[in-house]
Amino acid sequence: MDTFLLILINGCAMGSVYALMAMGLSTQYGVARILNISHGEFIVLAAFITFVVHTRTGIHPLICLLIACPLVFAISFLLHITLFKRVKKISPNMGVFEGNAILVSFGIYFIVQNMIQSSMGSAPHSFPFMMYPYTVGGVNIAASSVFVMVIAAIICVAYSVFLSQTRLGKSIRAAAQDPQAASLLGVKINRIMAICFGIGGLLAACAGVLITMREPFSSVSGIGYTTIAIIIVVLGGLGSVKGAILGGFIMGIAGYAISTFVDSVFMISAFYMIIMVLLVVRPKGLMGR
């Protein structure tokens, strides 16, 4: 029972960060139709911003959300209105655009990774944060894991409320469901796509800041984060934010169980096995349309 509780809590802590990663990628693909291969590099960028600011100034890592998130949002927004908007304009149809957008995102991936690697090196980075244990149900859990889980859950709920209750959120959902109909109703599709791509970067930055509080990271960690985000998006259903949240927690718990009972090196392989089975049984994902 103690082992089950340990896996559940630590798995949820890991899954909450996975959910943020996947929500960002799902938003970018669901509206802007861009499968952003460079998504993980912006997670790493936010993580390094947090690391540098915290270690040099002593500012609480959580405050770094106010620095990393606006910066990554601005970079992502600018990338869309410059590169991706131009690629979409010259693409004859949406299928060609999606393929070209993947190629562009590969280029961004290499550029951002090389910039981070040249300035920070390839060695893993970390800093001590809330190292004391927190007792839950008689089981000692790292306080940092509980803290990260709570903050990530708050962000997930806030984003869900934003999508369902605000005017901009409703415009985003309309653009995701039927861009042409939304355009006829006055939604400025190009602007919404750019904002969604920026929001995807913002959510990636949130995940990056929280990652620094519970595990080491390096300049080459990005592709691993992207892979996990893609797996979760497919699991939850392409373009489904609720599916991304559900898939994130499922993969977090499954990943921690695999690390506990088998070995962490098999975690990604196990994720792919889950996806392969799901694609056979339910190709549209858990909450896909």
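Here is a short walk through a predicted model, one selection at a time.

**Stop 1: helix H4.** Select residues 94-120. That's H4, with 27 residues, and it reaches 38 Å from its first C-alpha to its last, close to the expected 39 Å. Now click on Asn 93, which caps the N-terminal end: one of its side-chain oxygens lies 3.1 Å from the backbone nitrogen of Gly 95.

**Stop 2: what H4 hides.** Colour the buried residues of H4, among them Phe 97, Ala 101, Ile 108 and Val 112. Then show helices H1 (2-32), H2 (39-57), H3 (65-90) and H9 (222-236), which are included in what covers them.

Stop 3: Tyr 109 is buried, at 9% relative accessible area, while Phe 110 is partly exposed, at 44%. Next, hop to helix H5 (residues 143-165) and select Tyr 159 and Phe 162, three residues apart, or about one turn. Their planes sit at 20°, so this pair counts as stacked, since the cut-off is under 30 degrees. For a group of rings, select Phe 48, Phe 51, Phe 127 and Phe 217, which form one aromatic cluster.

**Stop 4: the core.** Which residues touch the most other members of the largest nonpolar core? Select Tyr 18, Leu 20, Met 21, Met 23, Phe 42, Leu 210 and Met 251. Helix H8 (residues 189-211) gives the most to this core, with 15 residues.

Notes. Residues numbered from 1 in each chain as written. Predicted model: local features only at pLDDT ≥ 70, side-chain atom pairs only at ≥ 80, totals over all residues. Heavy atoms only, no water. Helix = DSSP H or I, 4+ residues; strand = E, 2+ residues; numbered from the N terminus. Expected span 1.5 Å × (residues − 1). Buried < 20%, exposed > 50% of the residue type's maximum accessible area, 1.4 Å probe, protein only. Contact = heavy atoms within 4.5 Å. Polar contact = N/O pair within 3.5 Å; in protein donor to acceptor, adjacent residues only side chain to side chain. Core = buried A, V, L, I, M, F, W, Y, C linked by side-chain atoms within 4.5 Å. Phe/Tyr/Trp six-rings, centres within 6.5 Å; stacked < 30°, edge-to-face > 60°.
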